[in-house]
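Here is a walk through one structure, with a few residues picked out along the way. Have the viewer open and follow along.

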Amino acid sequence: MCSMEIEIRLLKDGEERPIELMLLADPSLKKIHEYSNTGQCYIAKYQDETIGVLVLKATHPDTIEIVNIAVREDVQGKGIGKKLIQYAIDQAKDQHAKTLVIGTGNSSIYQLLLYQKCGFRITGIEHDYFTREYEEEIYENGIQCRDMIRLSMEL
Ligand code: COA
């Protein structure tokens, strides 16, 4: 449960995007710029500080994807990620989407745990997505991140 009183809201026009936070979830600045231009960027605020980010994008008809989600490192593990996912579910329902999707690396074991706890089911694996799409090799939890695990939730 999250005991911190946070506010989640859409980023305002002209307000700076929390790129540093987005980089925690995605090492590609190019991809971050692409989807933060075309998607909906939400921020989580705690006492005037931006401590979380959520980017949603309509990827297919009736489908919204969480393309970036991140919580500042010093406040991770306090339930803010779960709140952001619940917020994404509520937004997707409000926007009449039928499916909410999220993708993560094969090495992101805690993220896989979190997403399944929140109700996502694994729907597919895109083999070699990260080795193909990212210039630098990514290692996490002692293994290479190669494959994209796709998860989805029917709303
Ligand atoms: N050990 C065990 N479980 C862990 C864990 C760890 N080190 N880290 C996360 N979890 C799991 C637990 O299941 C926990 O659920 P519980 O409260 O029922 O035990 C849940 O995740 C934690 O949820 P929460 O506190 O809401 O997550 P968070 O605020 O730390 O946010 C992320 C989760 C993934 C957004 C955050 O850790 C983050 O920003 N990570 C870096 C960026 C990133 O990887 N983004 C996702 C890319 S796909």
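Gln144 counts as buried because its relative accessibility is 13%, where buried means under 20% relative accessible area, exposed over 50%, and partly exposed in between (1.4 Å probe, protein chains only). You'll find Gln144 in strand 8 (residues 143–144). Helices (H or I, at least four residues) and strands (E, at least two) are DSSP runs, numbered from the N terminus. The model is a predicted one, so local features need pLDDT of at least 70 and side-chain atom pairs count only at pLDDT 80 or more, while totals for chains, interfaces and linings use all residues. Residues are numbered from 1 along each chain as its sequence is written, and side-chain values use heavy atoms, with hydrogens and water left out.

What does the side chain of Gln144 make a polar contact with? The partner is the side chain of Arg146, at 3.3 Å. A polar contact here is a pair of N or O atoms within 3.5 Å; within protein, one must be able to donate a hydrogen and the other to accept it, and residues adjacent in sequence count only if both atoms are side-chain atoms. Setting aside residues up to four places away in sequence, Gln144 touches Asn106, Ser107, Thr131, Glu137, Ile138 and Tyr139 (contact means heavy atoms within 4.5 Å).

Asp147 lies in the loop between strand 8 and strand 9, and at 17% relative accessibility it counts as buried. Look at Asp128 next: its C-alpha is 4.8 Å from that of Asp147, although the two are 19 residues apart in sequence. The side chain of Asp147 reaches the backbone nitrogen of Asp128 at 2.8 Å.

Once neighbours within four places in sequence are left aside, the contacts of Asp147 include Thr104, Gly105 and Asn106, and also Ile125, Glu126 and His127. Tyr129 and Phe130 are among its contacts too.

## Two lysines

Is Lys12 buried or exposed? With 52% relative accessibility, Lys12 counts as exposed. Lys12 sits in the loop between strand 1 (7–10) and helix 1 (19–25). Its C-alpha is 9.7 Å from that of Ile43, which is 31 residues away along the chain.

Lys31, in helix 2 (residues 29–38), counts as buried at 16% relative accessibility. Apart from neighbours within four places in sequence, Lys31 is in contact with Asp26, Tyr129, Glu133 and Tyr134. The charged end of Lys31 sits over the ring of Tyr134, 5.5 Å from its centre. For that label, NZ of Lys or CZ of Arg must be within 6 Å of the ring centre and within 35 degrees of the ring normal.

## Aromatic pairs

Tyr134 also belongs to a cluster, linked by ring pairs, with Tyr129 and Phe130. Rings of Phe, Tyr and Trp (its six-membered ring) pair if their centres lie within 6.5 Å; planes under 30 degrees apart count as stacked, over 60 as edge-to-face and the rest as tilted. By this rule there are 5 aromatic pairs. In Tyr42 and Tyr87 the ring centres are 5.3 Å apart and the planes are at 70°, so this pair is edge-to-face. Tyr42 lies in strand 2 (residues 40–46) and Tyr87 in helix 3 (residues 80–94), so the pair ties together parts that are 45 residues apart in sequence.

Tyr42 is buried, with a relative accessible area of 4%. Tyr115 and Phe120 make another edge-to-face pair, because their ring centres are 6.2 Å apart and their planes at 70°. Both Tyr115 and Phe120 are buried.

## The nonpolar core

Phe120 turns up again in the largest nonpolar core, which has 30 residues. Such a core is a set of buried Ala, Val, Leu, Ile, Met, Phe, Trp, Tyr and Cys residues joined through side-chain atoms within 4.5 Å. Leu54, Ile66, Ile69, Ile80, Leu84 and Leu100 join Phe120 as the residues with the most contacts inside it. Helix 3 gives the largest share of this core, 7 residues.

## Around the ligand

How many residues surround the ligand? There are 20, and the closest are Val71, Gly79, Gly81, Lys82 and Gln111 (near means that a heavy atom of the residue lies within 4 Å). An oxygen atom of the ligand is 2.7 Å from a polar backbone atom of Val71. For Gly77, a ligand oxygen atom is 2.8 Å from a polar backbone atom.
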